[in-house]
Structures are given as structure tokens and as C-alpha cells.
Amino acid sequence: MWNHIAANAITLLIVGIVALAGLIGWGQNTYVSEGPLDEAIFFEVPRGASLTAVSESLEDAGAIESGIIFRLAARYNERDGDLKFGNYEIPARATMPQIMDIVTAGGPSTFRYTSTFIIRAQGAETRVRERVPGQDELSDVATFAAGEPLPEVYAALVAQNVPMIYRVSIAEGLTSWEIVEGLKSAHFLSGDVDVVPAEGLLAPDTYEVVRGTARADVLAQMAASQERILAAAWDNRQDDIPVTSPEEALILASIIEKETSVPDERRLVASVFTNRLRQGMRLQTDPTVIYGITKGEGSLGRGLRRSELRAATPYNTYVIPALPPTPIANPGRAAIEAAVNPDESPYIFFVADGTGGHAFSVTLAEHNQNVARWRQIERDRANSQN
């Protein structure tokens, strides 16, 4: 009898071992096999989420066959404490080891939706775009001007707390007042701005933020960036430039920024102003005069009057012999670098040429000819609109 019982026990033990071995083999095979996803998806690992919660969410999303196997493998490989919060793209047919690498590696988050708030001189607008998982192309979801009601499709995404990356994009050459006014209309930012930052101290760029970021924090980030850019440019300046401090370089850079929107012209425009400063000539640039009138609070909306060009103000470079007392806008990195590393050129004059760029000249006679051509272009354009 006891022999029979022992034999049965041994048989059951063998069956159990075989079953366990089979189960382990099945689990190992499931772990390394292609996953069930037919197409790529975006997946969020919330801040502070547990391994159990993440594995169950992966299973619910159809990314893995078994949350239990995923957890056991993570613990066996001592990666159960390596989860990094963020948004990730999981490719189609990704294996569990591949997914484990994705959600534990960290790095920049990948979002399906991007909301970019763009501030320009003409106003501000929001562009919402979507990236299809597994593809690089972005498609437009909604575009709307500041102050307009949120489009229904975008409002629904916000109401559902769909993960989204938010960006604030600042155009080069805006005044501090224009930037602050633009930020005030950014629907996803918070807080008031008590003081408009000093002119020139904000770096135009694209800044990544989270929903609810304080406007003052965005301005602080811009100011810190501009400080770094200016310091680096000043450290790498030419030895013989006529500006004597980083502050003067920033003033000159702001004038360069307002005078040309053509990237390849910045250093050439800088050379004209550099040559004028070296020769003790007045800069004679309209944007400084305009700033003296508007104080940077919006556009002038008309041409300059002769009386304004003759008026003695701190910003009228047709009257004052040097730079104005402050920047007249917030210049970008390229304009700052041009101010301290201008081209070598003989030019001391330039005027618009009708192509978006400028015609440069050495003598006043050449300049007057270029001005005459520009005036004719203006007349022709006016006549074609009538």
C-alpha cells in the first residue's frame, strides 16, 4: 500500500515538475515573442506609477500578452524599480524586453499631440498637431488665433486630459511688451506678469512647458537663456569691434534684428553699423526712431514723418551720434553673434531692394541711386493695388 502511495506521489511530482517546466517555457517564449500590437501606440507611464499598474495598463492597451509575465521578468532582471515616467511610443509587434527598455530608459517623452503657441508681431495663434504612431509626419488638428474659442476637437482633448506637449514659440525681434501681451493670451499658461522685463533681455526661441506653467516662469527661462547667449557671444567677439560692453552689443543686435529678416544678411548689416560707429557717423536707422515713439508697445502703423526724423529724442539715431540707450527689441542668437562678429565690408549704406533683402553701397551717390530704385518699386506696387 505504501509503495503504491509513494509511486503515485512520485508520479504527481514528476507531472508537476513537467507542468512547471512547461509553464516556465511558455512564459519565457511569451516574454521574448513578438507582441500583439498591430500598429504602434503612444503609452503614458504616470509619475509614481507602480510596476503592477504599468503592466496592467500595457495589457489593457494590447501591448503585451500578460501583465504577470511582464512583472515577473522585471523582478527577475532587477528592473522593477527602473520605471521612468513619461510618454512613449511603443512600436507594432514590440516584444516585452523591447517595451521594458522603452519604459525604463527615460529620455524625451514622445507625444501624439503637440500644442504650439506662436507669438509674432502680427499676433499670436495656437497650432495643434498630431503625429500618427509609427510615422514621422505631423497632421494639423486645429489652428486658432489668440482670444478665439477653443475648437471643439482641441477642447475635447483638453477636457479628457489627453497627454500633450505644450510649446511657446517666440519670434525674433519682438519687444518685451509684445511678448508679455502674447503670453497673457496663452490659454494653457497661468499667473500674472507684474513687470514687463527690460528690453532685449528675453531670448526668442521655442520653449517646452507643461500645462499650467506660470507666465513669469516662462519669462525667467527666456531671460536666463538670453544671458547665456550674450555671455557666450561676448566671449567670442572680434577684438576690434566698436561696441565696448555686452550691453552695447545687445543694443546693436536689436537694431540688426529689426533691420533685416534675411539670415544671410545679418553680418553684412552688422558691418554697415560697425563701419558707421568706427567713423563716428550717425546710425540713421528708422526702427530706433519708431521705438522712441511707440516705446515698443505695438507698431507705429504708418510711415515716419519728417518732423519725427528731426526730433531730438534718445532713440533718434538720425540725431544722436551713437547707439540708443537701450535695445529696441529682443534679438535672437544669430543677430547677437552678428553684432560682435560682423563681416568685413566697405559698406556704410543700405536700403531695401524689393526682394526682401537690401542693396548695399559705399558712396552716398550709389546709395541715392539704390533709394531711387526702391522708391520706384514702392510706387509700382502702390499702382498695382489701385
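**Close-up views of a predicted model**

View 1. Helix H5 (residues 152-159) has Tyr154, Leu157 and Val158 as its buried residues. These three span an arc of only 100° around the axis, so they sit on the same side of H5. After H5 comes Asn161, with a positive phi near 55°. Keep in mind that this is a predicted model throughout.

**View 2. Strand S6 between its partners.** Strand S6 covers residues 164-170, and six of its seven residues are buried, so the rest of the structure largely encloses it. Strand S3 (residues 113-120) pairs with S6 in the parallel sense, over seven bridges. To find your way along this pairing, look for Ile119, which stands opposite Ile170 in S6. S6 also pairs with strand S7 (residues 206-209), this time antiparallel and through four bridges. Here Arg167 has Glu208 in S7 as its bridge partner.

**View 3. Tyr291 and Tyr315, a tilted ring pair.** The structure holds seven aromatic pairs. In the one shown here, the ring centres of Tyr291 and Tyr315 are 5.1 Å apart and the planes meet at 55°, so the pair counts as tilted. The two residues come from distant parts of the chain, 24 residues apart: Tyr291 belongs to helix H10 (residues 286-294), while Tyr315 is in the loop between helix H11 (306-310) and helix H12 (333-340). Tyr291 and Tyr315 are both buried.

View 4. Phe350 is in strand S8 (residues 349-352) and Phe360 in strand S9 (residues 358-361), so the pair ties together parts 10 residues apart in sequence. Phe350 is buried, with a relative accessible area of 14%, and Phe360 is buried at 16%. Ring pairs also bring in Phe273 and Tyr347, making a cluster with Phe350 and Phe360.

**View 5. Phe273 in the largest nonpolar core.** The largest nonpolar core has 59 residues, and Phe273 is among those with the most contacts inside it, along with Ile179, Leu183, Leu189, Leu219, Met222 and Val243. At least three residues of this core come from each of domain 2 (113-228) and domain 3 (240-385). Leaving out residues up to four places away in sequence, Phe273 touches Leu252, Ile255, Ile256, Glu259, Leu283, Thr285 and Phe350. Another core, of 22 residues, lies apart from the largest one and includes Leu37, Ile64, Met96 and Met100.

**View 6. Pro324 in its loop.** Pro324 sits in the loop between H11 and H12. Is Pro324 buried or exposed? With a relative accessibility of 3%, Pro324 counts as buried. Pro314 is 10 residues away along the chain, and its C-alpha atom is 6.0 Å from that of Pro324. Setting aside residues up to four places away in sequence, Pro324 touches Ile251, Ile255, Thr288, Pro314, Tyr315 and Thr317.

Terms used: Residues are numbered from 1 along each chain as its sequence is written. This is a predicted model: local features need pLDDT of at least 70, side-chain atom pairs count only at pLDDT 80 or more; totals for chains, interfaces and linings use all residues. Side-chain values use heavy atoms; hydrogens and water are left out. Buried means under 20% relative accessible area, exposed over 50%, partly exposed in between (1.4 Å probe, protein chains only). Two strands pair if DSSP finds at least two bridges between them. The arc is that of the directions from the helix axis to the C-beta atoms. Rings of Phe, Tyr and Trp (its six-membered ring) pair if their centres lie within 6.5 Å; planes under 30 degrees apart count as stacked, over 60 as edge-to-face and the rest as tilted. A nonpolar core is a set of buried Ala, Val, Leu, Ile, Met, Phe, Trp, Tyr and Cys residues joined through side-chain atoms within 4.5 Å. Domain bounds come from an automatic or database domain assignment. Contact means heavy atoms within 4.5 Å.
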